[in-house]
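Subject: Structure for your files

Dear colleague,

Please find the structure below. My notes on it follow.

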Amino acid sequence: MSEREAAAAAKAGSGQGEAGLRARLVAVGVELVTQEGAQALSLREIARRAGVSHGAPRRYFPTHLELLSAIAREGFAELGAEAAAELRGDRKSPRAQLAALARIYVDYALTHRGMYELMFRHDLLESNRLGLRETSLPLFEAMADLVGRARPDVRAPEVAGALWANLHGVAQLWGWGSLRLATGADGVEPFVRAALDAHLGPER
């Protein structure tokens with residue numbers, strides 16, 4: 001490791017040498033995707049911002065996809081923590097909990113647009129590497145569990161998948177301005193409620 005790279009590892013604050021530099025590369029990637037979007041996540045730019053040579057990331061992430069996966073994992077961990085905090089010890093009905101989860105999901109999508117775009121591009125990510133699959137699937141499993149409890153008469157994974165796709169589309173179209181233009185709506189909440197009603201039936 002060069003002196004410059006060693007200094008970057010120290011800057012990461014971990015005191016773990018190369019492990020600290022690895023964490024620094026991921027942290028820089030999270031910052032970059034937050035500020036500039038997924039299209040900005042080149043190895044060269046991440047290395048530049050981390051203060052290391054452009055070849056240094058290859059030492060920790062043999063492929064660009066592995067680094068992208070590590071960055072996306074941070075997004076899933078953050079979203080999962082928000083959902084878990086909302087649902088932990090919650091005594092509301094499964095339908096009410098599902099509504100809360102849906103709002104958290106759409107709000108995250110609209111306030112973390114670059115990270116959100118990266119997180120769900122599994123065609124770009126190594127989803128079986130670096131714990132990404134283990135970090136992303138629990139959120140869907142929680143949604144499917146709540147659907148099953150709210151509507152025991154349906155096949156929960158399929159309904160949860162359709163609801164997820166609906167919420168994803170709501171978030172994307174609202175973020176692009178399309179829903180606002182087409183409907184004149186002032187906020188995204190009516191579309192979240194409509195998606196829940198469409199897949200679970202009207203709230204009783």
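Arg-48 is exposed, with a relative accessible area of 53%. On this scale buried means under 20% relative accessible area, exposed over 50%, and partly exposed in between, for a 1.4 Å probe and protein chains only.

Before the rest, the basis. This is a predicted model, in which local features need pLDDT of at least 70 and side-chain atom pairs count only at pLDDT 80 or more, while totals for chains, interfaces and linings use all residues. Residues are numbered from 1 along each chain as its sequence is written, and side-chain values use heavy atoms, with hydrogens and water left out.

Salt bridges

Arg-48 pairs with Glu-45 in a salt bridge, with 2.8 Å between the closest N and O atoms. The term stands for a side-chain nitrogen of Lys or Arg within 4 Å of a carboxyl oxygen of Asp or Glu. Both residues belong to helix H3 (residues 43-50) and sit three residues apart, about one turn of the helix. Helices (H or I, at least four residues) and strands (E, at least two) are DSSP runs, numbered from the N terminus.

Arg-49 also forms a salt bridge with Glu-45, its closest N and O atoms being 2.7 Å apart. Arg-49 and Glu-45 are separated by about one helical turn, because they are four residues apart in helix H3. Arg-49 counts as partly exposed, at 26% relative accessibility.

In helix H11 (residues 189-200), Arg-193 and Glu-189 are four residues apart and so about one helical turn from each other. Their side chains meet in a salt bridge at 3.6 Å, N to O. Both ends are partly exposed: Glu-189 at 26% relative accessibility and Arg-193 with a relative accessible area of 43%. Elsewhere, salt bridges that share partners join Glu-36, Glu-45, Arg-48 and Arg-49 into one network. The count of salt bridges comes to 10.

The chain as a whole

The secondary structure consists of 11 helices and zero strands. Of the 204 residues, 41% count as buried. The chain exposes about 10700 Å², of which carbon and sulfur atoms supply 52%; the areas come from the Shrake-Rupley method with a 1.4 Å probe, and for residues only the protein chains shown count as cover. Among contacts (heavy atoms within 4.5 Å) between residues at least 6 apart in sequence, 64% join residues at least 24 apart.

Leu-163 lies in helix H9 (residues 156-176) and is buried, with a relative accessible area of 1%. Leaving out residues up to four places away in sequence, Leu-163 touches Leu-98, Met-143, Ala-195, Leu-196 and His-199. Ala-195 is 32 residues from Leu-163 along the chain, with 6.7 Å between their C-alpha atoms.

Ala-100, in helix H6 (residues 94-111), counts as buried at 11% relative accessibility. Ala-100 and Ala-83 are 17 residues apart in sequence and 8.4 Å apart, C-alpha to C-alpha.

Largest pocket

The lining of the largest pocket includes Ser-93, Pro-94, Arg-95, Ala-150 and Arg-151, as well as Leu-200, Gly-201, Pro-202, Glu-203 and Arg-204. A pocket here is an open set of points on a 1 Å grid over the protein atoms alone, where a 1.4 Å probe fits, with protein on both sides within 12 Å along at least five of seven lines; lining residues have an atom within 4 Å of a point.

Regards
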